[in-house]
Amino acid sequence: MTAKSNQWWETGVIYQIYPLTFADANGDGHGDLQGIIKRLDYLNNKQENGKNSLGIDAIWLSPINDSPMIDNGYDVSNYYDICPVFGTLADFEALLTQCHQRNIRVILDLVVNHTSDRHPWFVESRSSKDNPKSDWYHWQDANPDGSVPNNWLSYFGGTAWTYCPEREQYYYHAFNQNQPDLNWNNPQVRQAVYDIVRFWLDKGVDGFRLDASSVYSKDKYYRYNPVKFGTTDKNNYNNQDHLYDKNLPENHHIIREIREIIDRYDGRVLIGETFIDSPMFDSAVFYGVDGDELHLPFNFEFTFSPWYPGYIQREIQKKERITPKGCCPTYFLDNHDIPRHLSRWIECSLCTNPKAIAQAAATILLTVRGTPVLYYGQEIGMVDYVDIPLEQRRDFAVVKGEDGELPPARDGCRTPMQWDDSVHAGFSFGKDVEPYLPVNDNYEEVNVAQQLAEDDSILKFYIRLLEIRKNSKALTQGSWRSLIHYPYEHLAYVRETAAEKVLIVINFSYEKPFELDEDIEPDNWLVLISNIQNTGQEIALPKTLQPFEISIFKKV
Ligand code: GLC
């Protein structure tokens, strides 16, 4: 099976919604599906010529299935229903219909590495050693000396094994103890998961983001992971080589099986969270052989990059090198697990002009070769809410350290979308409730309404850039080529098809102009967008780019 070309996601833009904090229609303080419906014009109203709309092509919803919410929905207790917090199946169907009417595809988060410990499968599995689902999770006896079965660690801290008195055995959980891992070696488990996949595809969803898709398979013999040489803290996840609990060959068989199901439907996309923390692998491996696994493997290049052009370019070049022919790269700056890029980059660059960083970051994300994924709120320059008071925190899946301290929670990047300067930033249509997470204090200055009214806002920049991208074959399908070998203070690269050539330049320096002495024809360039040059003008390429200039030119 080879990848079909000209699929919508190869040229489209995906927008991640964290449903708990995007928009709350029923006024109970929790975001919900009807809330998303109310905000669809903002996401894509292009059919109506909506000039205040982003015009994105798909939304990816963080999990909306029934869940006790220990890990904010990444712990599913019923895959066939919607969590009442978000609404009903009928609400979901309404959302799907309304999205499709606007050319917005809907991608669901599929959390099947593990279930909630309240899922009936686990409740049955834990009840005895000989029930029909006894082998649906990873059960192991203690070692003869009474210690846990092996040295595998939970990504959230501590051992990955929790004792179950009913079975007098331990079960394995790559994440929190309330998230027991499914045993994918069991064919019945696979079939049960594939039924779920088909159920949602039959409903009309346009694809899945496979949560934690690199840890589905585990070593059959539960061998100990080697501890990295010279490590003092053996209980730190990052100090092990994850040879036996991550990225095993069987993982690829599983993803291929899911892909086979997806391919029986038209135009459905398979995305995977392929977090890579080992030099043994690169992201290309997740495309499979002849592109028969993930369409879009999510890696974390930009999320670990400092605000430094050399690093960013190196990541792009690496991806250009390793992405198999016919496969599509994908990039993102933010998601619900990591601090927002503006928070990261303002801090590390000591920059006093967040707007410039936000616009430059948007330019990179939307002009590299690949599918960009936006995270709600980045388009208005939302930053993390740092130090949310303990009593308002929600991210309790992570485990306390030996000192009893909770590690920094992920709540900071999940605060309510800032729609306007009214109470709760317009997130909740109810006024007297506490939102699920507190609204960032800066909402009166940073919000959608205010930025729509301001011509040179971050949001207006995004809207224009998304429009430019959509209308440019070079930006959506063209090759990528850097003009600079050793970028130090600027990036300059070209996107090109046979018929169109676009030049992107970003000067990262606030102090110094940038001399464009690269080998590129100087004459007849149209300014598509710029924070310095007059947009829409045809000009000869300026030799000197201004401090922090961000410009995109098209050859005419
Ligand atoms: C993924 C999700 C994260 C979740 C974890 C366990 O990494 O992105 O939010 O906590 O899986 O499901």
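A cavity is taken here as a set of points, on a 1 Å grid over the protein atoms alone, where a 1.4 Å probe fits but cannot get out, and its lining residues have an atom within 4 Å of a point. The model is predicted, so that local features need pLDDT of at least 70 and side-chain atom pairs count only at pLDDT 80 or more, whereas totals for chains, interfaces and linings use all residues. Residues are numbered from 1 along each chain as its sequence is written, and side-chain values use heavy atoms, with hydrogens and water left out.

The count comes to 2 cavities of 30 Å³ or more. The second largest cavity holds about 30 Å³ of space, a volume being the space filled by probe spheres set on grid points that are joined across faces, edges and corners. Its lining consists of Leu61, Ser62, Pro63, Ile64, Asn65, Leu108, Asp109 and Trp200.

Leu61 belongs to strand E2 (residues 58-61), which runs parallel to E1 and is joined to it by 4 bridges; strands (E, at least two residues) are DSSP runs numbered from the N terminus, and two strands pair if DSSP finds at least two bridges between them. Opposite Leu61 of E2 stands Ile17. Strand E1 (residues 14-17) directs Ile14 and Gln16 one way and Tyr15 and Ile17 the other, and all are buried (under 20% relative accessible area, with a 1.4 Å probe and protein chains only). E1 also pairs in the parallel sense with strand E13 (residues 371-375) over 3 bridges, where Leu374 is the bridge partner of Tyr15.

How values were computed:
On a 1 Å grid over the protein atoms alone, a cavity is a set of points where a 1.4 Å probe fits but cannot get out, and a pocket is an open set with protein on both sides within 12 Å along at least five of seven lines; lining residues have an atom within 4 Å of a point. Buried means under 20% relative accessible area, exposed over 50%, partly exposed in between (1.4 Å probe, protein chains only).
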